Each structure stands twice: as C-alpha cells, then as structure tokens.
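Here is a short briefing on one protein model. Please read it with the structure open beside you.

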Amino acid sequence: APAPEPAPAEPAPAEPDAPDQQIIGEYEAISQSNDPGRRENIRLAAEAVDGTVIQPGEEFSFNEIVGNSSAERGYREAAVIRNGEVALGSGGGICQVSTAIYIAAVKADLEITERHPHSVPSDYAPIGLDATIVYDQFDLRIKNNTAHPITIRAKALGQTVKVEIVGDPLPEGRTVDATSHIVSQYVKEDAAGEERQYYVTESFRVYYQFGQRTTRDLLSSDIYLITDDAEVVLAEGSVEPNK
C-alpha cells in the first residue's frame, strides 16, 4: 500500500493582535543622469538597505547600514554637490536612495529624527523633500514608532530607485502624503560679488481621512541655491523618466 501522505505542516501561530502588514509608504526616485558610476553606486546602496528590519522603538541610520561609500568598498567616482557646486566624489548618487527612503518614511507616518537638505535642488525629488548624506556628518535617521517591526525594501534599476516600507496598516481611512512648495526667493551676492538666486521652501506631512485633508505637519524649511541649469521638481512625478 502506498505510504500515507504527510499531514500538511501547521502554520506558525500569528502574534496576538498582529495586523497583516502591507506597504505603508513608497517612493520611486528617477534621475535624468546617465553616469554609469552613479548607477553602480545607487545599486550598491539600495542593495545594502534592502530587507532592513527596524524593531519597534528602534532607529534606522542610513550611514550605519550603508557605511562609508569609499572606493575600497566598490563605490565609484560620480557627481556630488559640494557647496552648491558639482564635483566628482566617491559614492555620488547614494543620496537618491536616502531621499527615496525619506519620502517613503514620511508617507508611512514614521518619525524622522534626522534629515538634511542638499544645497541645490535634486532632479529625482520635489524641492524640499530630498535627504543628503555625508558619512560621519549628515545622516538620515528614522524611528519605528509602530507596535511591530517594519521592513525597508529598496530596488535600483539604472538611474531609478524604488523604496517600499512594509509595516502595520495605517488607521482605517488614513492616508499620508509628503508635499512641499516654494514660499519665497531672493538674490544675494557671493564672496566673488556674483549674484546668486535662492529659493526658500517648506515641506509638510499631510494627513487625509477618507480622502479629505485633515491636518498637516511642517517637516522642514530649507534654502536652495538655484543655478542656471538647476532642474527644480515641484511635485511628485513631474520629471518625465524618458526625458
């Protein structure tokens, strides 16, 4: 007689009162760059972050997870921003990954404990919603303020980074968005006597209940140098990926 089929394994008991987790915040950052070094840096940083689990009450640190973006660790020379000027530096492009994480975390209603803007706008995020990284100086830190672990998923394809944050569902009917706008602009002379234009921005975490806006919290007010070739993105999705 044929051997009896083994009984199916019992599923692991669910944690009491643990909700089914889902994507609670996401953002796709698309750059117009075609720099192969930058593409490799984005891939390495996204790979380092992908699958990171943050326990309740714990803090995520981009610099701790990604580490120093040095040549010894496989990072390449690519364009970076220094004092408002474009220069070559090891690890250029990793701020696209940190920016995507930042915006996704805002939408996931997580607590942002550290974030810094670039000195000039980025083409892969709305002005006021970028997050620059300088190892040992500027970090992106996010606290898990939920009752259960959250997971960060990050995938890079070419010059595009997609980040998803998986965690407990937001309260029923609630959605959260990250928005920003330019509140003023001014001109100021630099040390060489040249006139430079600046934009002042405000960014917000905006709450909706069943599609109706309820409240908004100020995330930051930032100042950006606007150069002649600056690509200022004013809203999510306003940069055409095929441009």
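How many helices and strands does the secondary structure of the protein come to? The count is 3 helices and 12 strands. The model is predicted.

**Whole protein**
- The protein has 243 residues, and 43% of them are buried.
- Take the contacts with a separation of 6 or more: residues 24 or more positions apart account for 68% of them.
- The exposed surface comes to about 13200 Å². Carbon and sulfur atoms supply 48% of that area.

**The sheet S3-S7-S6**
- Three strands form an open sheet in the order S3-S7-S6, and their pairing is antiparallel.
- Strand S3 (59–61) and strand S6 (111–114) are the edge strands. Each has a single partner strand, so one side of each is left without a neighbour in the sheet.
- On average, neighbouring strands of this sheet are turned by 25 degrees against each other, direction ignored.
- S6 pairs with strand S7 (residues 141–143) through 3 bridges, in the antiparallel sense.
- Glu111 has Lys143 in S7 as its bridge partner.

**Helix H3**
- Helix H3 covers residues 94–107 and lies across S3, S6 and S7. Its direction is at about 140 degrees to S6.
- H3 contains 14 residues and spans 21 Å from its first C-alpha to its last. That is close to the 20 Å expected at 1.5 Å a residue.
- Is H3 largely enclosed or exposed? Of its 14 residues, 14 are buried, so H3 is largely enclosed by the rest of the structure.
- Just after H3 comes Asp109, which takes a positive phi of about 65 degrees.

**The hairpin of S10 and S11**
- Strand S10 (residues 174–189) and strand S11 (residues 195–209) run antiparallel and are joined by 15 bridges.
- Ala178 has Arg205 in S11 as its bridge partner.
- The hairpin has 5 residues between the strands. Gly193 in this hairpin takes a positive phi near 85 degrees.

**Thr99, in H3**
- Thr99 is found in helix H3. Why does Thr99 count as buried? Its relative accessible area is 0%, and the cut-off for buried is under 20%.
- Which backbone atom does the side chain of Thr99 reach? The side chain reaches the backbone nitrogen of Ala131, at 2.9 Å.
- Leaving out residues up to four places away in sequence, Thr99 touches His118, Tyr124, Ala125, Leu129, Asp130 and Ala131.

**Ser31, in a loop**
- Ser31 is found in the loop between strand S1 (22–30) and helix H1 (36–49).
- Although Ser31 is in a loop, it counts as buried, at 7% relative accessibility.
- The side chain of Ser31 makes a polar contact with the side chain of Asp123, at 3.4 Å.
- Beyond its neighbours within four places in sequence, Ser31 is in contact with Arg38, Gln96, Asp123, Tyr124 and Gln159.
- Ser31 and Ala125 are 94 residues apart along the chain, and their C-alpha atoms are separated by 8.7 Å.

Notes
Residues are numbered from 1 along each chain as its sequence is written. This is a predicted model: local features need pLDDT of at least 70, side-chain atom pairs count only at pLDDT 80 or more; totals for chains, interfaces and linings use all residues. Side-chain values use heavy atoms; hydrogens and water are left out. Two strands pair if DSSP finds at least two bridges between them. Helices (H or I, at least four residues) and strands (E, at least two) are DSSP runs, numbered from the N terminus. Axes are lines fitted to C-alpha atoms, for helices over the stretch in contact, and angles run from 0 to 180 degrees between N-to-C directions. Contact means heavy atoms within 4.5 Å. Buried means under 20% relative accessible area, exposed over 50%, partly exposed in between (1.4 Å probe, protein chains only). A polar contact is a pair of N or O atoms within 3.5 Å; within protein, one must be able to donate a hydrogen and the other to accept it, and residues adjacent in sequence count only if both atoms are side-chain atoms. Accessible areas come from the Shrake-Rupley method with a 1.4 Å probe; for residues, only the protein chains shown count as cover. The expected span of a helix is 1.5 Å times one less than its number of residues.
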